[in-house]
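Colleague: I would like to go through this chain with you, from the whole down to single residues. Please show it, and then I will ask.

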Amino acid sequence: RKLTGVFQVIKTGSDGLRGKPAPDIYLAVAKDLGVEPVHCLVFEDIPEGILAGAGAGMKTCAVEDDFSLSMTEEKKKLADYYITHYDEVK
């Protein structure tokens with residue numbers, strides 16, 4: 001599925017920003033959206049991403065996935081929330 005039109009802002013590692021766990025990518029997205037970081041929620045599947053979101057001053061939600069199942073406990077400790085499926089988001 002194409003993501004064009006789904007998201008207002010898309011940033012990737014090729015945008016010249018420091019990689020996670022640096023908060024740069026999340027701060028850049030918030031700035032482009034015109035939203036204060038405190039009003040953002042980050043969904044992440046790895047500890048480095050959770051740390052990046054938290055470092056940006058954002059709430060974080062760890063997402064379960066097959067790749068990072070061995071990191072589940074660490075992700076739960078680092079994140080504000082933990083979900084096993086996006087249907088759990090209310």
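Colleague: What share of the accessible surface of the chain belongs to carbon and sulfur atoms?

Modeller: This is a predicted model, and the values are computed from it. The accessible surface of the chain comes to about 6300 Å². The part belonging to carbon and sulfur atoms is 54%.

Colleague: Which pattern does the chain follow along the sequence, and is its radius of gyration close to or far from what the globule rule gives?

Modeller: The chain has 3 helices and 3 strands, in the order α-β-α-β-α-β. The globule rule gives 12 Å for 90 residues, so a chain with a radius of gyration close to that is as compact as a globular protein of that length. For this chain the radius of gyration is 13 Å, which is close.

Colleague: What percentage of the residues is buried?

Modeller: The C-alpha trace spans about 30 × 30 × 25 Å along its principal axes. Buried residues have under 20% relative accessible area. Of the 90 residues in the chain, the buried ones make up 31%.

Colleague: How far apart do the centres of the positive and negative side chains lie?

Modeller: The chain carries 11 positive side chains and 15 negative ones. The centres of these two sets are separated by 4 Å.

Colleague: Which elements do the buried residues of helix 2 pack against?

Modeller: Helix 2 covers residues 47–55, and its buried residues are Pro47, Gly49, Ile50, Ala52 and Gly53. After the helix comes glycine 57, with a positive phi near 85°. The buried residues of helix 2 pack against helix 1, strand 1, strand 2 and helix 3.

Colleague: Is threonine 60 buried or exposed, and which residues does it touch?

Modeller: Threonine 60 is in strand 2. The cut-off for buried is under 20% relative accessible area, so threonine 60, at 1%, counts as buried. Leaving out residues up to four places away in sequence, threonine 60 touches Leu41, Val42, Ile50, Gly53, Ala54, Leu78, Ala79, Asp80 and Tyr81.

Colleague: What is the relative accessible area of tyrosine 81, and which residues is it in contact with?

Modeller: Tyrosine 81 lies in strand 3, residues 81–83. Beyond its neighbours within four places in sequence, tyrosine 81 is in contact with Leu41, Lys59, Thr60, Cys61 and Ala62.

Colleague: Which backbone oxygen lies 2.7 Å from a polar atom of the side chain of threonine 72?

Modeller: Threonine 72 lies in helix 3, which runs over residues 72–78. With 13% relative accessibility, threonine 72 counts as buried. A polar atom of its side chain lies 2.7 Å from the backbone oxygen of leucine 69.

Colleague: What separation do the C-alpha atoms of threonine 60 and lysine 75 have?

Modeller: Threonine 60 and lysine 75 are 15 residues apart along the chain. Their C-alpha atoms are separated by 10.0 Å.

Note on methods. Residues numbered from 1 in each chain as written. Predicted model: local features only at pLDDT ≥ 70, side-chain atom pairs only at ≥ 80, totals over all residues. Heavy atoms only, no water. Helix = DSSP H or I, 4+ residues; strand = E, 2+ residues; numbered from the N terminus. Contact = heavy atoms within 4.5 Å. Buried < 20%, exposed > 50% of the residue type's maximum accessible area, 1.4 Å probe, protein only. Polar contact = N/O pair within 3.5 Å; in protein donor to acceptor, adjacent residues only side chain to side chain. Rg over C-alpha atoms; globule rule 2.2 N^0.38 Å. Areas by Shrake-Rupley, 256 points an atom, 1.4 Å probe, with all protein chains shown as cover. Lys, Arg positive; Asp, Glu negative; His and termini not counted. Charge placed at Lys NZ, Arg CZ, Asp CG, Glu CD.
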